[in-house]
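Subject: Structure handover

Hello,

Please find the structure below. My notes on it follow, grouped by topic.

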Amino acid sequence: MVKQVYPSYFITGASSGLGRHLALELAARAAKHNWPLSLALTARRLELLEELKKEIAALAPAVRVKTAVLDVTWDDDAIWRVITECHAELGNLHCFVVNAGIAATARMIGASDRNFAVERPVLATNLIGAMATTDAAVRYIRENGINKTPEQAHIVGISSFSSLGVTNRSSYSVSKAALERYLDILRMESAGQGIHVTTIIPGYIDTPINQHRPHRPFLITAEAGAVAMANAMTVRGGGAGNALVPWWPWAIMWTVFNWIPKWLYFWYVPRMTKGHEPDQAKRD
Ligand SMILES: NC(=O)c1ccc[n+]([C@@H]2O[C@H](COP(=O)([O-])OP(=O)(O)OC[C@H]3O[C@@H](n4cnc5c(N)ncnc54)[C@H](OP(=O)(O)O)[C@@H]3O)[C@@H](O)[C@H]2O)c1
């Protein structure tokens, strides 16, 4: 049975890809089952958020939507201000989807381009931005007692299969690996307090972040990815943890890659990714 646990969601990176399709999927479920739903949709491109708001209004007129510009690399006060503005308009916010992210240009460590600068925004957005969003969200949840409401609260962070460590994607891989560890720490710190934590680990889902890449194994559509994400986010409490999206075949591969000896991983991964990169990585 399709379950939608929360009456409200705050989503970063909602203007495109997974964030956008997740908002549409949640709205469709609410409309179908007559569930109350409020969505706080944030990103840097307001015009895309406004288009999404119109689409949701056509699909699910009863769903309340607040759009807000939020760049997750802004300072902490600015992130806090956006959350409190959304609360003022929509009421209690129960589930925060920490989704905003960017990909890195394919680049080897120490590349002759002398362009480490391209790596910095990846860490600033995917890791520091995600941590700052999570920090503000957890403070908001505690200060407003959202975790003490019957629905409780949930932080959902979007990592990546690349967190295992992929050649020519060092900053992206590191940003996602560190985010997973950060969410593990939150899971321990908030255990038993009504703040659930889920780390979504997608494989390849067809969105603008990877549409330039020539090889996208086991690719699924953004619509299918959103369904799988929405399902994974309904698992709470003791069940909350890592969710591979889609489950098949990534959960199997995740288990294998986490258990094989490191030397085998180090031998296999560069061979697996060789020739997949169209740009810098091939030249260096
Ligand atoms: N698609 C996949 O196969 C896949 C696989 C693994 C992990 N992921 C992760 O899934 C998440 C969503 O990616 P996607 O696939 O949906 O890609 P996408 O279509 O490119 O969407 C990325 C979203 O992040 C937002 N964003 C980027 N920088 C931001 C910033 N500084 N502040 C606020 N929002 C920002 C973008 O909106 P604005 O530009 O309007 O701000 C956009 O809405 C990312 O964290 C990505 O790493 C995706």
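Leu 46 is partly exposed, with a relative accessible area of 34%. Please keep in mind that this is a predicted model. Leu 46 belongs to helix α2, which covers residues 46-59. Apart from neighbours within four places in sequence, Leu 46 is in contact with Thr 67 and Val 69. Trp 263 lies 217 residues away from Leu 46 along the chain, and the C-alpha atoms of the two are separated by 47 Å.

**The ligand**

Which residues are closest to the ligand? They are Ser 16, Leu 18, Tyr 172, Ile 205 and Thr 207, out of 31 residues that surround the ligand. By class, this shell consists of 14 nonpolar, 13 polar and 4 charged residues. Helices α1 and α5 (170-189) each contribute at least two residues to the shell.

- Ser 16 places a polar side-chain atom 2.5 Å from a ligand oxygen atom.
- Arg 45 also has a polar side-chain atom by a ligand oxygen atom, at 2.8 Å.
- Ile 205 takes part through a polar backbone atom, which is 2.7 Å from an oxygen atom of the ligand.

The ligand taken alone exposes 870 Å², and the protein buries 95% of that.

**Helix α6**

Helix α6 spans residues 222-232, and its buried residues are Ala 222, Gly 225, Ala 226, Met 229, Ala 230 and Ala 232. Why do they lie on the same side of α6? Because they cover an arc of only 160 degrees around the axis, they are on the same side of the helix. The elements that the buried residues of α6 pack against are α1 (17-33), β5 (153-158), β6 (195-202) and β7 (242-245).

His 87 is part of helix α3, residues 76-90. Is His 87 buried or partly exposed? Its relative accessibility is 23%, so it counts as partly exposed, since buried means under 20%. Not counting residues up to four places away in sequence, His 87 touches Asn 92, Leu 93, Tyr 140 and Asn 144. With Tyr 140 there is a polar contact between the two side chains, at 2.6 Å. His 87 and Phe 10 are 77 residues apart in sequence, yet 9.5 Å apart in space from C-alpha to C-alpha.

His 94 sits in the loop between α3 and β4 (95-98). At 4% relative accessibility, His 94 is buried. Its side chain reaches the backbone oxygen of Gln 152 at 2.9 Å. Leaving aside neighbours within four places in sequence, the residues in contact with His 94 include Tyr 6, Pro 7, Ser 8, Ile 146 and Thr 149. Glu 151, Gln 152, Ala 153 and His 154 are also among the contacts of His 94.

**The loop between β5 and α5**

Ser 162 lies in the loop between β5 and α5. Its relative accessibility is 17%, so Ser 162 counts as buried. Beyond neighbours within four places in sequence, Ser 162 is in contact with Tyr 172 and Ser 173. Tyr 172 was listed above among the residues closest to the ligand. Asn 168 is also placed in the loop between β5 and α5. Asn 168 is not a glycine, but its phi is positive, at about 70 degrees.

**Backbone geometry**

Most residues other than glycine have a negative phi, and most peptide bonds are trans. Besides Asn 168, with its positive phi, Asn 34 has a positive phi, near 60 degrees. Asn 34 lies in the loop between α1 and β2 (38-43). At 71% relative accessibility, Asn 34 counts as exposed.

Where are cis peptide bonds found? One joins Val 245 and Pro 246, with omega at about -5 degrees. Pro 246 is in the loop between β7 and α7 (247-259). Another cis peptide bond runs from Trp 248 to Pro 249, with omega near 0 degrees. Pro 249 is found in helix α7.

Regards

Technical notes:
Residues are numbered from 1 along each chain as its sequence is written. This is a predicted model: local features need pLDDT of at least 70, side-chain atom pairs count only at pLDDT 80 or more; totals for chains, interfaces and linings use all residues. Side-chain values use heavy atoms; hydrogens and water are left out. Buried means under 20% relative accessible area, exposed over 50%, partly exposed in between (1.4 Å probe, protein chains only). Helices (H or I, at least four residues) and strands (E, at least two) are DSSP runs, numbered from the N terminus. The arc is that of the directions from the helix axis to the C-beta atoms. Contact means heavy atoms within 4.5 Å. A residue is near a molecule or strand if one of its heavy atoms lies within 4 Å of it. A polar contact is a pair of N or O atoms within 3.5 Å; within protein, one must be able to donate a hydrogen and the other to accept it, and residues adjacent in sequence count only if both atoms are side-chain atoms. Accessible areas come from the Shrake-Rupley method with a 1.4 Å probe; for residues, only the protein chains shown count as cover. Ala, Val, Leu, Ile, Met, Phe, Trp, Tyr, Cys and Pro count as nonpolar, Asp, Glu, Lys and Arg as charged, and the others, Gly among them, as polar.
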